Amino acid sequence: MRALLVVNPAATTTSARTRDVLIHALASDLKLEVVTTEYRGHARDVARRAAEGGETELVVALGGDGTVNEVVNGLLHRGPDPDTLPRLGVVPGGSTNVFARALGLPNDAVEATGALLDALRDHSERTVGLGHAAGTPGTADEGVPARWFTFCAGFGFDAGVVGRVEQQRELGKRSTHALYVRQLMRQFLTEQRRRQSTITLERPGHAPVENLLLSIICNTAPWTYLGNRPIYASPRASFDTALDVLGLSTLSAAGMARYATQLLTSSPDRGPSGKHAVSLHDLTDFTLHSQAPAPFQMDGDHLGLRSSVTFTGVRRALRVIV
């Protein structure tokens, strides 16, 4: 099989020696081309060329969720076509690796490589749905490039936390779960608009959902992991359905304590609930509008401030080796 391996050398949990071992293992079973990323967006560019070239059958992303997101956006540059596009393989190398773990892959890079090779020999794969986000026509954001996401997006408070984490990483801090927790607390203590609900969700055939301060869009469950603990914002979200949304209309100290506790104790059967929580399941098309520009993130990548984002849940978008 002709395959492309896209390697992020900055992946937080794999050393150069480990990557060499993984490359050797994959090359023993595949006709392998290896590309090491050199700049932001490089993984997207090489995956796009592989998809357009028509000869590559498999693209493997070795890195964290950001690397996987770039590869997916490269593969789907012209839109989803699971019957003809190269299949996707994932070897987790980041700090959290939500997409890989949600697929049931081992969180260890060496074990995941073995699982990937076993799945290839057994012809084991699945077709997953993905989320798509674009600037809303008729708004100031209509020219913003559209983008795919694999497991989640966020508009509001949680995206602000992601932005703070990225700032710390640019200063040389290592991406850890403790870093996320610290930045979450700082965002809570310093965010001046946390008591002012500004986001409205609109979807065809339904009344608007107003006065949201935080909106988490899930393409699968769990939403994320805290160490080895899965966190379920929308327990019914699945790669086999469209998108789920969790919205919160309060982030007071009491509300934050309540919903943080519910998230930490969440399970596949129980997520956050209450009079200030809105849970919506299997949405194909909807738009989020913010009265003031709000932070926006996709798959843990902070994309700046947006005023309006239109989301689409696309079933059967991409074939993945599992």
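**Entry 1: two helices**

I looked up helix α1 (residues 16–27) and helix α5 (residues 109–121), which pack at an angle of about 10° with their axes 10 Å apart. Axes are lines fitted to C-alpha atoms, for helices over the stretch in contact, and angles run from 0 to 180 degrees between N-to-C directions. The angle makes α1 roughly parallel to α5 (under 35 degrees counts as roughly parallel). Helices are DSSP runs of H or I with at least four residues, strands are runs of E with at least two, and both are numbered from the N terminus.

I then listed the contact (heavy atoms within 4.5 Å): T18, L22, A25 and L26 in α1 meet A109, V110, T113, L116 and L117 in α5. By class, this contact of α1 with α5 has 7 nonpolar, 2 polar and no charged residues. Ala, Val, Leu, Ile, Met, Phe, Trp, Tyr, Cys and Pro count as nonpolar, Asp, Glu, Lys and Arg as charged, and the others, Gly among them, as polar.

**Entry 2: an aromatic pair**

I found 5 aromatic pairs in the structure (ring centres of Phe, Tyr or Trp, the last by its six-membered ring, within 6.5 Å). F99 and F239 form one that is edge-to-face, 5.5 Å centre to centre with 80° between the planes; planes over 60 degrees apart count as edge-to-face. F99 lies in helix α4 (residues 98–102) and F239 in the loop between β12 (229–231) and β13 (243–248), so the pair ties together parts that are 140 residues apart in sequence.

**Entry 3: source notes**

I note that this is a predicted model, where local features need pLDDT of at least 70, side-chain atom pairs count only at pLDDT 80 or more, and totals for chains, interfaces and linings use all residues. Residues are numbered from 1 along each chain as its sequence is written, and side-chain values use heavy atoms, with hydrogens and water left out.

Notes:
Parallel < 35°, antiparallel > 145°, perpendicular 65-115°, else oblique. Phe/Tyr/Trp six-rings, centres within 6.5 Å; stacked < 30°, edge-to-face > 60°.
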